[in-house]
Amino acid sequence: MKTSIATVSISGNLREKLHAIAKAGFDGIEIFEQDFIADEGTPREIGQMIRDHGLEITLFQPFRDFEGLTGDLRQRAFDRAKAKFDTMAELGTDRILVCSTVHPASVGGIDRAADDFAELGEIAKPYGIQVGYEALAWGRHIHDHRDAWEIVRRADHPNVGIILDSFHTLSRKIDPNSIRSIPSDKIVFVQLADAPLIDMDLLYWSRHFRNMPGEGDLPVTDFMRAVAATGYDDWISLEIFNDQFRGGRPVGLAQDGYRSLIALMDDVRRSEPDIAATVPDIPARLTVDGVAFVEFTTRGSEAADLGKLLSSMGFTHVGNHVSKKVALWQQGDIRIVLNQEETGFAGSAYTMHGTSVCDVGLRVSNATDTTIRAKALGEDLFSQPVGPGELEIPAIRSVGGSVLHFIDDASGLSDVWDVEFRSSGQGPENKVGLSRIDHVAETMNYDEMLSWSLFYTSIFDMKRAPMNDVIDPDGLVRSQAIETPDGQVRITLNGAETHRTLAGSFLAESFGGAVQHLAFQADDIFATAEEMAGLGFEPLPMTGNYYRDLKARFAIDDAHLEKLKAHHILYDEDGQGGFYQFYSKPFAGGFFFEIVQRVDQYDGYGAPNAPFRIAAQKRLLRPKGMPKA
């Protein structure tokens, strides 16, 4: 298997794209004709520049409106093809994509098209060029790969084959298993793209909403399993058209593309073990058992205030690091680390973001395998000098430049709390009934959401939940949960489209901080709220209007409503169960804590309450337009 990406898939000019694609680890590129024409180099110079980046030119594309023409139009089509073949010879590439015609003057007919391609194959033969025919989903006569294959079969020319594209097949809901009967030596090239399921015109859907495999809803793995079952072991390439990507960072987009291909082919290898394709042997997606710790970088009075807030939530300062200014706070199995070091990663994170979450630890099935898989997917590993008495814990970079550490039992890394910390003399008693971290909420710019959802779902055994719109008084925030199959680990990704929203202002205030809030799970939220109030906790105040509306929506009796109002607890329910939640007041540029209780099988996050929570938080933050002191 060799990896490729079409230059149209990422932003920038051709030279910026080449740098990004090579850096990401691809073996080659499809050169999109528009990128080639726009560059000032000659075809020979451009070809050499591409090879100087360590890349091959895997495909020249697209060649449009070829087959089914008559008279002068047909002759002009062949003349155009010869001109392209001459250009390809100078570039140094030997495959061309011919997409099924949409020309209004084209005439249908399988045999007519086959004759055209047989003649084109004869012209391509002395050039050593392979002509690949692709069925566009919106083609005038041919829009099904089965018909394209029949044309190629009847053309019966060694220089003519088929190009398979996952979007064109899957968008029309064509069974990909029909690919299994195509001989592998007649497959010239394979293009891959995913997409969200949207009911719209096929051409518009394709041109604006394609994304990387694993970022959408199409069964791309099933498509590629069928391709692999033919014995095909050659180029697999991404061809992505996406408005969001056109404005993104070339390096980040290329890295996402590479990650998506490696993860996809690993899935194919596991589900089709007898395939001929040579696929890297990497560890499977890792099981995540829970959140081992959350670490804040903080200093001075801010650290003291954060400690007071944790105390009011029932956490106990149970230990201090053996060699660093790092304190461990705990309640039951929930561990919060406060790091006041002025050097190292935590020190630099504080300089950049202020008091913020700089590190999250996940309990995984195998910490070493996690980093091996992450590295194979192109992720950046993280390390810093290990001090006296410290364990070397595997880690990678995560959202907003933060760090994700991995802890398992088998390697002894789960003993870190006994090895690296000395007891303060107080135990981690469960003072207020918080049992575990329900979810970690990460905030990012909206155009980063696909990237980070792919990050989590390609490394870990986690799935994407449906996207939700969170209505902020000043704009829209997109929210999507990434969850383990058992729902025990949940990470919500919140994409801000404007800095006027609460999520956007948090990004601005923290200079791109990652985690905006932590949610802790309570077994009895009313008892927890009562205990926390006794410890001095001040919840985010909700309006009387909220509770009047709540009573009307859910027919809540007066006594229960008064309990909700007394502790500023919000409520939601669906057909599966109920959900209680209350919040701390925001601090450190908009960070906050949340306490939740899930009843029965409720699986959401209280989305209907979000506008009221956001409005309440904004009342307590710096007014709009007021500069930061």
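Which residues gather in a patch of negative charge on the surface? In this predicted model, the patch is formed by D289, D409, D415, D418 and D486. One of these residues, D409, sits in the loop that runs between strand β15 (403–407) and helix α15 (416–420), and with a relative accessible area of 64% D409 is exposed, because exposed here means over 50%.

The model contains 39 salt bridges, and a few of them show how separate stretches of the chain are connected. In one, D116 pairs with R74, and their closest N and O atoms are 2.8 Å apart.

A second salt bridge joins D234 to R95, where the closest N and O atoms are 2.9 Å apart. Here too the pair links distant parts of the chain, for D234 lies in the loop between α9 (220–229) and β8 (235–238), while R95 lies in strand β4 (residues 95–99), and the two are 139 residues apart. R95 has a relative accessible area of 15% and is therefore buried, the limit being under 20%.

Elsewhere, salt bridges that share partners bring D266, R269, R270, D281 and R373 together in one network.

Helix α16 (residues 449–459) is mostly covered, with 11 of its 11 residues buried; among them are M449, W452, F455, Y456 and I459. Another helix, α13 (residues 344–353), contains Y350, which is buried with a relative accessible area of 18%. The C-alpha atom of Y350 is separated by 9.0 Å from that of F296, a residue 54 positions away along the chain. Two cysteines are also buried, C99 with a relative accessible area of 3% and C358 at 3% relative accessibility, and the structure holds zero disulfides.

Finally, some details of the backbone deserve attention. Q61 and P62 are joined by a cis peptide bond, with omega at about -5°, and P62 is part of strand β3 (residues 56–63). D156, a residue other than glycine, has a positive phi near 50°; D156 is found in the loop between α6 (145–155) and β6 (160–165), and at 64% relative accessibility D156 counts as exposed. K173, which is not a glycine either, has a positive phi of about 60°, and K173 lies in the loop between α7 (166–170) and β7 (187–192), where K173 counts as exposed at 75% relative accessibility.

Notes:
Residues are numbered from 1 along each chain as its sequence is written. This is a predicted model: local features need pLDDT of at least 70, side-chain atom pairs count only at pLDDT 80 or more; totals for chains, interfaces and linings use all residues. Side-chain values use heavy atoms; hydrogens and water are left out. A disulfide is a pair of cysteine sulfur atoms within 2.5 Å. Buried means under 20% relative accessible area, exposed over 50%, partly exposed in between (1.4 Å probe, protein chains only). Patches are made of residues with over 30% relative accessible area and no salt bridge: like charges are joined within 9 Å, nonpolar side chains (Val, Leu, Ile, Met, Phe, Trp, Tyr) within 5 Å. Accessible areas come from the Shrake-Rupley method with a 1.4 Å probe; for residues, only the protein chains shown count as cover. A salt bridge is a side-chain nitrogen of Lys or Arg within 4 Å of a carboxyl oxygen of Asp or Glu. Lys and Arg count as positive and Asp and Glu as negative; His and the chain ends are not counted. The place of a charge is taken as NZ of Lys, CZ of Arg, CG of Asp or CD of Glu. Helices (H or I, at least four residues) and strands (E, at least two) are DSSP runs, numbered from the N terminus.
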